[in-house]
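Good morning, and thank you for joining.

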Amino acid sequence: MAVLDVQNLTLSFGEKTLFESVSFDVKEKEKVGLIGCNGAGKTSLFKLITGEYEPTDGNCFISKNAKIGYMEQHTCSENKSVYDELISVFGDLIKIEKELEEIRHALEKGIGNQEENIERQDYLTNLFTREGGLTYKSLTRSALIGLGFAESDFDMPTSKLSGGQKSKLILAKLLLSKADFLLLDEPTNHLDLKALEWLEGFLKDFSGACLIISHDRYFLDKLTNKTVEIENGKCRSYIGNYSVFLRKKEAEQKAIEEKYENDMKEIERIEGIIAQQRQWNREKSIKKAESEEKRLEKLKAALVVPDSKVERIRFDFTPKFISGEDVLNASELSKSFSGKKIFENASFSIRRNERVFLVGENGCGKTTLFKILMKDYSADGGYFKFGANVFTGYFDQVQAKLDLSKTVIEEIWSFFPAMTETAVRSALAAFLFKGEDVFKNLTECSGGERARVALLKLMLGRFNFLLLDEPTNHLDAFSREELENTLLDYSGTMLIVSHDRYFINKLATRILELGENGITEYIGNYDEYLERKNNLSAPVTAEKTHKEKKPNEYLMKKERQSALRKAKTRLARCEEEIEEAENETAHIEEKMQSAPYEELMELTKRLDELTAEKERLYSEWETLSEQLTEENS
């Protein structure tokens, strides 16, 4: 059964038609990806579904049994703590809990009709349990931690949250609401890799349906089983995730290109007939021309433009010259702000033609490290050195180096004054700035337009070492594909900060994970990085630039044997503790069936503690088991 049925939707603003005849459905439990270029109308489609916009034509039907949930429903109060703001979505359970407490007090003091109080207590206790009252507090805590809030943030007033933190809190409120049909518009924005994995796990377990707008292709691949694309005002639906969609669309495009070429030849032929008939200027020939014009209009209206004919950004990062073999060496770099350590002991090296990605949790100092390398910040300790003939270009994710007092063309021309106006305008046209768009002031440009200006400056610089901080932010999926394919062919060297896992997977030859105490190195792409982290195989730490003494092999062997014995002992103890926790859990669940309310609250608290303890023990058990399996293999 469909929770959403979109039939022939058309949306126009004045003379401009954003899209027309859009039709698709979302069934119960389906996870559907909604994709398309920036400006294609994806968010406007959401507003039609929620009733904020009225369609120009067509209909949008939502199942009467579906409870729809979307971000705009939720806001942040200014006078609550982070924890209180999120737990407020369970207002009904909190009211029940409060009433149960009042009934308990009345029963203890002998207030009111005891029989009615007991009957009401029994009804509310069953309702409270059925509606998730035993787990809503642990769910609240889990969502906050999963989305990147520390325990110390729970009491922080929402008024002190950054824009990104507020977005995460609103997302958490949406996820914990009792909606069974979620509209998610770029839900992965502001999330680091750890939070992204939590969100994926949550939505995989979500029993309702989702319609998801996202440029995060890895996220779509993990979750979706249907893909709806809006492009050139038209809509197409494909069964499968993003990667399946790409394969199906590629095959489809071959047929579309053949038909397009044939149709264009036919259009050209008909236009020739019309011109000839008009030239003769006889009554019969004019009627013939009018008849052909009607046929021409129908043919043009039905014309489907293949992707190869749609304008895309054209990247070309070919460097001016080749760098030396050693591109960058960094040793023991450290940085603190206001006495708070951001990172220390950051040591790594990069060689020519490597595509290295720098990852880590939000706030770990990735952008700070980039700014140290670009000498915007000074390091507290350590040093770094670029190799011979290294010509470095930097893409700043917030485009702080753009002069917002200038127009688009002035910004480019001021950095490359030797270029002619024709050359500058041609370069801007390749980045989709045409006509009057080139005179647009940067203050009036969107985030995506500013990112395109910054990327164009980077491209025109022809650098041989690119430091890219979140380069795919603000780019739609198709522009990201173009950027990826260009960088795959780039003959220089790259160091990239990104949360775009699809991008990392496609490009990375090596991954550096930045933590508080330094850098850990993983060879390969994102999937290989995840596999090694999950297996907890001993990662190769980044090479130090200074020489170290060769370790004593005999001592290392003894240490490994000792570590193995300890791991086996701890594994056995883990199994015992898991069994004890399971037994206590079963005992508590049995007691909860008949426990009075005051005892029920204590039992619930203990159950939450046991659940958290079991999760920790199972995680430790898996880690130890994998470690022992690997050592014995």
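The count of aromatic pairs here comes to 20, where rings of Phe, Tyr and Trp (its six-membered ring) pair if their centres lie within 6.5 Å. Planes under 30 degrees apart count as stacked, over 60 as edge-to-face and the rest as tilted. This is a predicted model, in which local features need pLDDT of at least 70 and side-chain atom pairs count only at pLDDT 80 or more, while totals for chains, interfaces and linings use all residues. Residues are numbered from 1 along each chain as its sequence is written, and side-chain values use heavy atoms, with hydrogens and water left out.

Let me begin with Tyr218 and Tyr526: their ring centres are 5.3 Å apart and their planes stand at 85 degrees, so the pair is edge-to-face. Tyr218 belongs to helix 8 (residues 217–223) and Tyr526 to helix 17 (residues 526–535), so that the pair links parts of the chain 308 residues apart; helices are DSSP runs of H or I with at least four residues, strands runs of E with at least two, numbered from the N terminus. Both tyrosines, Tyr218 and Tyr526, are buried, that is, under 20% relative accessible area, with exposed over 50% and partly exposed in between (1.4 Å probe, protein chains only). Ring pairs also join Tyr218, Tyr522, Tyr526 and Tyr529 into a cluster.

Finally, I turn to charges. The charged end of Lys168 sits over the ring of Phe149, 5.6 Å from its centre; the criterion is NZ of Lys or CZ of Arg within 6 Å of the ring centre and within 35 degrees of the ring normal. Lys457 lies over the face of Phe415, at 3.7 Å from the ring centre.
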